[in-house]
Amino acid sequence: MTTDRRRILCLFAHPSIDRSEANRPLFAATAAVAGVTLVDLYAEYPSGEIDVDREQARLRGHDVICFMHPLYWYSTPSIFKEWQDLVLEHGFAYGVGGTALHGKLFFNALTAGGPEQAYCAAGYNHFTIRELLCPLEQTARLCGMVFLPPFALFGARTAVDEGRIGAHVTDWVRVLEALRDYRLDLAAALPLTKLNADLDAILREP
């Protein structure tokens, strides 16, 4: 797709968003960014029956695909697995004739309950957040997409009490607008463990 702006598709999954202190403000801020299509998968598919044609059309119509979610058992909420199993079909997303997603950007915007220092070889969870997302990174590669590091909020359980939510939401909007307007340095971002490690180093201001 050739335009002066990228179109961004944010697929959101949280089974109880009303109880989420971190994801609710991120969801609201995303909905207000021009050029972003926000889809609440649990609200749209309460029975879990994914409309494959609708979802494939959405993918075709956007340049950037984002999975927004809390980190559940080192992965995504379950509806994303169902979505991938059904939507990323052979002949559409990969395999013979499966070029619909080639060249698109893909990344996760996630919240994790544990502190960032827990996500390393010597930490409680033994792996970095980037390493835990390797199945999604390989999925993106198989589909011909460019995989970006995640935009991550660690210590989400205490983020409100510690006053960290506001700045995180502001940074998230900066990332979305920079992706939309071709102001995010992809080459500088690709090797990072998380996209929001140092935004000033990868974003050009308008």
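Student: Which residue forms a salt bridge with Lys81?
Tutor: A salt bridge here is a side-chain nitrogen of Lys or Arg within 4 Å of a carboxyl oxygen of Asp or Glu. The closest N and O atoms of the pair are 2.8 Å apart. The partner of Lys81 is Asp85.

Student: What kind of model is this, and at what pLDDT do side-chain atom pairs count?
Tutor: Residues are numbered from 1 along each chain as its sequence is written, and side-chain values use heavy atoms, with hydrogens and water left out. The model is predicted: totals for chains, interfaces and linings use all residues, local features need pLDDT of at least 70, and side-chain atom pairs count only at pLDDT 80 or more.

Student: In helix H4, why are Lys81 and Asp85 separated by about one helical turn?
Tutor: Helices (H or I, at least four residues) and strands (E, at least two) are DSSP runs, numbered from the N terminus. An α-helix has 3.6 residues a turn, so residues three or four places apart point the same way. Lys81 and Asp85 are about one turn apart because their spacing in H4 is four residues.

Student: Is Lys81 buried, partly exposed or exposed?
Tutor: Buried means under 20% relative accessible area, exposed over 50%, and partly exposed in between (1.4 Å probe, protein chains only). The value for Lys81 is 48%. Lys81 is therefore partly exposed.

Student: Which parts of the chain does the salt bridge between Arg58 and Glu44 tie together?
Tutor: The two side chains meet at 2.8 Å, N to O. Arg58 is buried at 18%, while Glu44 is partly exposed at 28%. The two residues are 14 places apart in sequence, so their bridge ties together helix H3 (residues 52–60), which holds Arg58, and helix H2 (residues 41–44), which holds Glu44.

Student: Which residues of helix H1 are buried, and within what arc do they fall?
Tutor: In H1 (residues 23–31), the buried residues are Asn23, Leu26, Ala29 and Thr30. The arc is that of the directions from the helix axis to the C-beta atoms. Seen down the axis, these residues line one face of H1, because they fall within an arc of 130 degrees.

Student: Which residues lie on each side of strand E1?
Tutor: Five of the five residues of E1 are buried. In a regular strand the side chains alternate between the two faces of the sheet. One side of E1 carries Ile8, Cys10 and Phe12, and the other carries Leu9 and Leu11.

Student: Which residue in E2 stands opposite Leu9?
Tutor: Two strands pair if DSSP finds at least two bridges between them. Opposite Leu9 stands Thr37.

Student: Which residues does Glu137 contact, leaving aside neighbours within four places in sequence?
Tutor: Glu137 sits in helix H6 (residues 134–142) and is buried at 12%. Among the buried residues of H6 are also Leu136 and Ala140. The contacts of Glu137 are Arg130 and Phe147.

Student: Which exposed residues are on the face of H6 turned away from its buried side?
Tutor: The buried side of H6 packs against E3, H4, E4, H5 and strand E5 (146–147). The face turned away carries Pro135, Arg141 and Leu142.

Student: What is the phi of Tyr74?
Tutor: Tyr74 is in the loop between E3 (64–70) and H4 (78–87), and is partly exposed at 35%. Most residues other than glycine have a negative phi, and most peptide bonds are trans. Tyr74 is not a glycine, yet its phi is positive, at about 65 degrees.

Technical notes:
Contact means heavy atoms within 4.5 Å.
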